[in-house]
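Subject: Structure handover and notes

Dear colleague,

I am passing on the structure below, together with some notes for someone who has not seen it before. Please keep it open beside this message as you read.

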Amino acid sequence: MYLVMAVMALAWLPVVLTRPDGASRAIRSYCRYVRWSARAICGLASEVRGPVPQGEVLIASKHQSFFDIILLCSVLPAPKFIMKKELLRTPIVGWYATRIGCVPVDRGRKGRAVAQMIEGVNAGRGTRPGQLVIYPQGTRTAPGADLPYKTGAAILYEQLSEPCVPVATNVGVFWPRSGLRRSPGLGVVEFLEPIAPGLDREAFIEELRDRIETRSDALMAEAGWTAPLPPPARDPAP
């Protein structure tokens, strides 16, 4: 996967440097290759369900592993991500992320991170219109992990006054957030019914969480995953 990333990054370079949409086209081509190779090598098929968003729209996605990024970028016409600043230093990935208009945020400076995010999003809206993707939990989450939904997605929803498209997934069942093992099966990313603008922050986060978690749980159950049982309660000390 990484060898082909380097080869395709160089092969697409003339297009990237001469076409406004060149980087998005290159990334989409690479991600479709990864989907094909995952199926051919590991038996990991993939499917994108629901209407694929077009134009300027906010997307709030469940994030379980690198594979859900691959699926999103294989179908979205002009994706751009809210991403951690450290990724800019990653070879190939950082440069291409800059070309498609991703918005880097310094997560270590929490007081400044939200302002950075808003500034970056507003700067890119006129020059690089597209589908803005944010991970509302802020990081990859293993299946069954109960991480809180942060305020970043709600702030963008409020500031942009646009519909927000929730995205559910089950890919962590087959392609975990860390490690090299890839299991056969069907990894799914599903675009859900948009949340119309107008909710307050608290109501929006509650609605977003309910839609994403409910549908992600259903997709994971469809894949054969079952939530681990809680540990047995201990008898109180005498």
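The notes below go from the whole chain to particular contacts and residues.

This is a predicted model, in which local features need pLDDT of at least 70 and side-chain atom pairs count only at pLDDT 80 or more, while totals for chains, interfaces and linings use all residues. Residues are numbered from 1 along each chain as its sequence is written, and side-chain values use heavy atoms, with hydrogens and water left out.

The protein has eight helices and seven strands, where helices (H or I, at least four residues) and strands (E, at least two) are DSSP runs numbered from the N terminus. Of its 238 residues, 43% are buried; buried means under 20% relative accessible area, exposed means over 50%, and partly exposed lies in between, with a 1.4 Å probe and protein chains only. Among the contacts with a separation of 6 or more, 73% are accounted for by residues 24 or more positions apart, a contact being heavy atoms within 4.5 Å.

Two helix pairs come next. Helix H3 (residues 22-42) packs with helix H5 (residues 93-100) at an angle of about 130 degrees, the axes being 8 Å apart; axes are lines fitted to C-alpha atoms, for helices over the stretch in contact, and angles run from 0 to 180 degrees between N-to-C directions. That makes H3 oblique to H5, since angles under 35 degrees count as roughly parallel, over 145 as roughly antiparallel, 65 to 115 as roughly perpendicular and the rest as oblique. H3 passes H5 in a left-handed crossing (left-handed if the near helix is turned anticlockwise from the far one by less than a right angle, right-handed if clockwise). Ala-23, Ser-24, Ala-26 and Ile-27 in H3 meet Tyr-96, Arg-99 and Ile-100 in H5. By class, this contact has five nonpolar, one polar and one charged residues, with Ala, Val, Leu, Ile, Met, Phe, Trp, Tyr, Cys and Pro counted as nonpolar, Asp, Glu, Lys and Arg as charged, and the others, Gly among them, as polar.

H7 and helix H8 (residues 201-222) pack at an angle of about 120 degrees, with their axes 9 Å apart, and are therefore oblique to each other. Their crossing is right-handed. On the H7 side the contact includes Ala-153 and Tyr-157, and on the H8 side it includes Phe-204 and Leu-208; by class it has seven nonpolar, no polar and two charged residues.

There are five aromatic pairs in the structure, meaning rings of Phe, Tyr and Trp (its six-membered ring) with centres within 6.5 Å, where planes under 30 degrees apart count as stacked, over 60 as edge-to-face and the rest as tilted. One of them, Phe-67 with Trp-175, is stacked, at 4.8 Å centre to centre and 10 degrees between the planes. This pair links distant parts of the chain, with Phe-67 in helix H4 (residues 66-75) and Trp-175 in the loop between strand S6 (164-169) and strand S7 (185-191), 108 residues apart. Both Phe-67 and Trp-175 are buried.

Finally, some single residues. Most residues other than glycine have a negative phi. Ile-92, although not a glycine, has a positive phi of about 70 degrees; Ile-92 sits in the loop between strand S3 (79-84) and H5 and is partly exposed, with a relative accessible area of 30%. Ser-161, also not a glycine, has a positive phi of about 55 degrees and is exposed, at 52% relative accessible area.

Kind regards
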